[in-house]
Amino acid sequence: MSIANIRVPGNSGSRIRTMSKVNSRELLHRFYPESNVSGFSHVDGMVSFYTQITSALRSSDIVLDFGAGRGEPLQDDDVDFRRNLSNLQGKCAHLDGCDIDEAILENPFLDAATVIEPGAPLPYPDARFDLIVARWVFEHVDDPQATAHELLRVLKPGGLIAAITPNKFGHIALAARSVPNGLHTRMLASVQPGRKPQDVFPTRYQLNTRSTLRKAFGHSSEVFITYGSSEPAYHFGSPIVYRSVRWLDKHLPAAFQPMLFIYIKKRDNAS
């Protein structure tokens, strides 16, 4: 959820991007006064998500970061508490990471990194992992059934999949789906100041509803889903937009909240 500061020497646009980051932080501090102390708000989605993960994580666990990328959440996060909370390296016995993007090979927060092919089986043996984390990945999945099958195959019985992803029927996903994938980078540069182009990927929203998640994973697992929101991330640097999105998140029914927090426990007797 952090907003990155991009500086391009000799480029006047860098001043705009830098000011956008300052504005984003100022908006956070203005609308969430507690963030002036901690650096994050009481509704911070990443703090909530990784608190749940940390509560279940054991030092003996083997963990997979599915769709780990270049490690952007850690590399670009300037809040020490949130960065340390979401860094699982050293908190478990081994941390694998995989992604279709070769940028994963530069990720310094993994014990091992693997580039995978879209649609191909995961290059891990059956029942290898105690925990699989998927942060902002499910919205990019093309084949929900195949993805679920592979994740469950490499997960140990009794193991946990923890994922955070946009709700297909939330206002963020609805807005994103109204814009062609080819224009997402340009659009995000305006509505989410500081978002780096290399961190923008095509979205599919094939695994982003309660029904599709239960259909894909529920045959051999317990699926727990919570709807939620965090502080506004898409606001054009405008206090009016920021306030409006905050009001919308507060008053929308649960089914239309922008985020899904997903926890999938593979049954002990599942193969």
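How many bridges join β6 to strand β7? I counted eight, with β7 covering residues 259-266 and the two strands running antiparallel. Strands pair here if DSSP finds at least two bridges between them. Both helices (H or I, at least four residues) and strands (E, at least two) are DSSP runs, numbered from the N terminus.

Before going on, I noted that this is a predicted model, where local features need pLDDT of at least 70, side-chain atom pairs count only at pLDDT 80 or more, and totals for chains, interfaces and linings use all residues. Residues are numbered from 1 along each chain as its sequence is written, and side-chain values use heavy atoms, leaving out hydrogens and water.

Next I looked at the sheet. Its seven strands are open in the order β3-β2-β1-β4-β5-β7-β6, with mixed pairing. The edge strands, each pairing on one side only, are β3 (112-115) and β6 (221-228). I also found Thr226 opposite Phe261 in β7.

Then I turned to helix α6 (residues 144-154). I see α6 lying across β1 (62-66), β4 (129-135), β5 (155-166), β6 and β7, at about 140° to β5. Axes are lines fitted to C-alpha atoms, for helices over the stretch in contact, and angles run from 0 to 180 degrees between N-to-C directions. Contact means heavy atoms within 4.5 Å.

Last, I checked α6 against helix α9 (residues 210-217): their axes come within 8 Å and cross at roughly 50°. The contact is made by Pro144, Gln145, Ala148, Leu151 and Leu152 of α6 with Lys215, Ala216 and Phe217 of α9.
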